[in-house]
Amino acid sequence: MKKILAILFCLGLVGALIGLYMFNKPLESVSSMKTNYSINASDLLVAFEENETSANTKYLDKVLEVKGIVDKMESTEEKTTIYLDAGNPLSSIIFQLEKSDSELKKGEEVTLKGICTGYLMDVVLVRGVKV
Amino acid sequence: MKKIVATLTFLALAIVTLQAQKYFSKTGEISFHSSTPIEDIEAVSHSASTVFDVESGKIQWAVLIKSFEFEKALMQEHFNENYMESSKYPKGVFKGSIKNYESIDLTKDGKYTAEVNGTLEIHGKSNLIETTAIFKVENGQVSATSDFKIAVADYGIEIPSVVRDNIAKEVEVKIKTNYELLEKS
């Protein structure tokens with residue numbers, strides 16, 4: 001009887017610990033996530049410009065690898081933002097980087113991986129990393 | 001004749017400059033904070049878009065709900081899936097105007113208090129917002145900050161009773177951004 005209680009207690013403790021772990025789990029790094037779609041910067045912008053609803057259905061929350069040329073970079077204390085040229089002077093593909101990356105340079109062709117959050121004037125991806 | 005041409009050129013330039021009085025940013029920061037004795041919840045987006053038209057005093061903000069980042073993965077999931085239904089309502093949009101825009105001169109260094117009112121649409125529901133914003137011009141660089149409170153219930157966001165005590169009824173929203181002058185191409 002005592003044994004069963006002890007086992008139950010242990011199981012309960014393990015369950016509680018797993019629960020606590022799950023609850024406090026930080027965001028997973030995108031670099032270890034599986035890529036859903038690989039696409040060119042201009043193709044991605046066109047997909048949202050032509051039909052935002054269907055592009056949302058396809059790309060929202062998905063892990064995307066986007067290839068393009070770095071058009072502009074903006075850094076604050078908290079965030080680095082990369083603009084990929086998408087063949088349109090007003091709109092681009094915007095990546096918020098997971099952490100600042102000093103290797104990225106303007107004019108360079110890169111592939112960035114991130115999670116697609118949707119379209120405002122630009123297509124915005126967050127938690128970006130260089131592939 | 002030369003004088004006329006010069007005057008006309010000057011006028012044309014002046015008009016172009018006047019029309020170009022629009023400021024924008026695509027990296028506006030919006031954060032919100034919910035505080036209860038049980039739990040503090042905080043999230044931030046660094047990719048809000050905003051345009052401020054100095055000539056008319058009109059100001060707009062838009063943010064993608066999915067661009068809000070939380071410290072805990074599970075919180076972010078619940079926020080998107082259960083509360084904000086961000087696949088159905090992907091954006092939060094504020095459209096408003098600045099009442100005293102004539103007293104704000106963004107070409108001169110200084111600090112200006114703006115009275116802002118307009119409509120905030122989140123989760124498919126719109127409500128009026130009235131707040132103040134501070135515009136700061138330092139060495140020609142324009143920045144703006146504002147904060148206000150919104151009631152979760154006003155936007156049709158249902159919080160299940162199990163976690164009702166964990167989430168504040170009023171959420172504090174803070175916004176800040178650096179504005180760039182929109183150049184005519």
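## Overall organisation of chain B

In chain B, residues 24 or more positions apart account for 60% of the contacts that have a separation of 6 or more. The model is a predicted one. The secondary structure of chain B consists of two helices and nine strands, and the order of these elements from the N terminus is α-β-β-β-β-α-β-β-β-β-β.

Of the 185 residues in chain B, 46% are classed as buried. The accessible surface of this chain amounts to about 10,600 Å², and carbon and sulfur atoms contribute 54% of that surface.

B:Leu120 belongs to strand β6 of chain B, which spans residues 110-122. Its relative accessible area is 11%, so B:Leu120 is buried. Apart from neighbours within four places in sequence, B:Leu120 is in contact with B:Val93, B:Phe94, B:Lys125, B:Ser126, B:Asn127, B:Ile129, B:Phe148, B:Ile150 and B:Tyr155. The C-alpha atoms of B:Leu120 and B:Gln60 are 9.8 Å apart, although 60 residues separate the two in sequence.

## Helices with a buried side

Helix α2 of chain B covers residues 73-83, and its buried residues include B:Met75, B:Gln76, B:Phe79, B:Asn80 and B:Tyr83. These residues span an arc of only 130 degrees around the axis and therefore lie on the same side of α2(B). An α-helix has 3.6 residues a turn, so residues three or four places apart point the same way. The cover over the buried residues of α2(B) includes β6 (123-130) of chain A as well as β1, β2 (40-53) and β4 (69-70) of chain B. Just after α2(B), B:Glu85 adopts a positive phi of about 45 degrees.

The side chain of B:Gln76 reaches the backbone oxygen of B:Phe68 at 3.5 Å. Beyond its neighbours within four places in sequence, B:Gln76 is in contact with A:Leu27 and A:Arg127 in chain A, and with B:Phe68, B:Glu69 and B:Phe70 in chain B.

In chain A, helix α2 (residues 41-50) has A:Ala41, A:Leu44, A:Leu45 and A:Phe48 as its buried residues. Their arc around the axis is only 95 degrees, which places them on the same side of α2(A).

## The interface between chains A and B

The contact between the two chains involves 25 residues of chain B and 29 residues of chain A. The size of an interface is often given as the accessible area lost when the parts come together. Chain B and chain A bury about 2,300 Å² between them, with 58% of this area on carbon and sulfur atoms. Within chain B, B:Lys26, B:Leu64 and B:Lys66 lose the most area to chain A, together 26% of what that side buries.

Eight residue pairs are in polar contact between chain B and chain A, both residues having pLDDT 80 or more. On the side of chain B that touches chain A, at least two residues come from each of β1, β2, β3 (58-64), β4, α2 and β9 (170-181).

B:Lys26 is located in strand β1 (residues 22-35) of chain B. With a relative accessibility of 9%, B:Lys26 counts as buried. A polar atom of its side chain lies 2.7 Å from the backbone oxygen of A:Leu90, and the side chain of B:Lys26 also makes a polar contact with that of A:Asp122 at 3.0 Å. Leaving out residues up to four places away in sequence, the residues that B:Lys26 touches include A:Tyr83, A:Ile94 and A:Met121 in chain A and B:His46 and B:Ser49 in chain B.

## Salt bridges

The structure contains nine salt bridges over all chains, and five are found across the interface of chain B and chain A. One of them pairs A:Asp61 with B:Lys66, with the closest N and O atoms 2.7 Å apart. This pair runs from the loop between α3 (52-59) and β2 (63-75) of chain A to the loop between β3 and β4 of chain B. A:Asp61 is partly exposed at a relative accessible area of 44%, whereas B:Lys66 counts as buried at 6% relative accessibility.

A:Lys79 and B:Glu69 form another salt bridge, with their closest N and O atoms 3.7 Å apart. It links the loop between β2 and β3 (80-85) of chain A to strand β4 of chain B. Both partners count as buried, A:Lys79 at 12% relative accessibility and B:Glu69 at 15%. Within chain A, the side chains of A:Glu108 and A:Lys130 meet in a salt bridge at 3.7 Å, N to O. A:Glu108 lies in the loop between β4 (92-97) and β5 (109-119) and A:Lys130 in strand β6, so this pair ties together parts of chain A that are 22 residues apart in sequence. Salt bridges with shared partners also join A:Lys72, A:Glu74 and B:Glu180 into one network.

Terms used: Residues are numbered from 1 along each chain as its sequence is written. Chains are lettered from A and ligands numbered from 1 in the order in which they are written. This is a predicted model: local features need pLDDT of at least 70, side-chain atom pairs count only at pLDDT 80 or more; totals for chains, interfaces and linings use all residues. Side-chain values use heavy atoms; hydrogens and water are left out. Helices (H or I, at least four residues) and strands (E, at least two) are DSSP runs, numbered from the N terminus. Buried means under 20% relative accessible area, exposed over 50%, partly exposed in between (1.4 Å probe, protein chains only). A polar contact is a pair of N or O atoms within 3.5 Å; within protein, one must be able to donate a hydrogen and the other to accept it, and residues adjacent in sequence count only if both atoms are side-chain atoms. Contact means heavy atoms within 4.5 Å. Accessible areas come from the Shrake-Rupley method with a 1.4 Å probe; for residues, only the protein chains shown count as cover. The arc is that of the directions from the helix axis to the C-beta atoms. Buried area is the accessible area (1.4 Å probe) that two parts lose on being put together, summed over both. A salt bridge is a side-chain nitrogen of Lys or Arg within 4 Å of a carboxyl oxygen of Asp or Glu.
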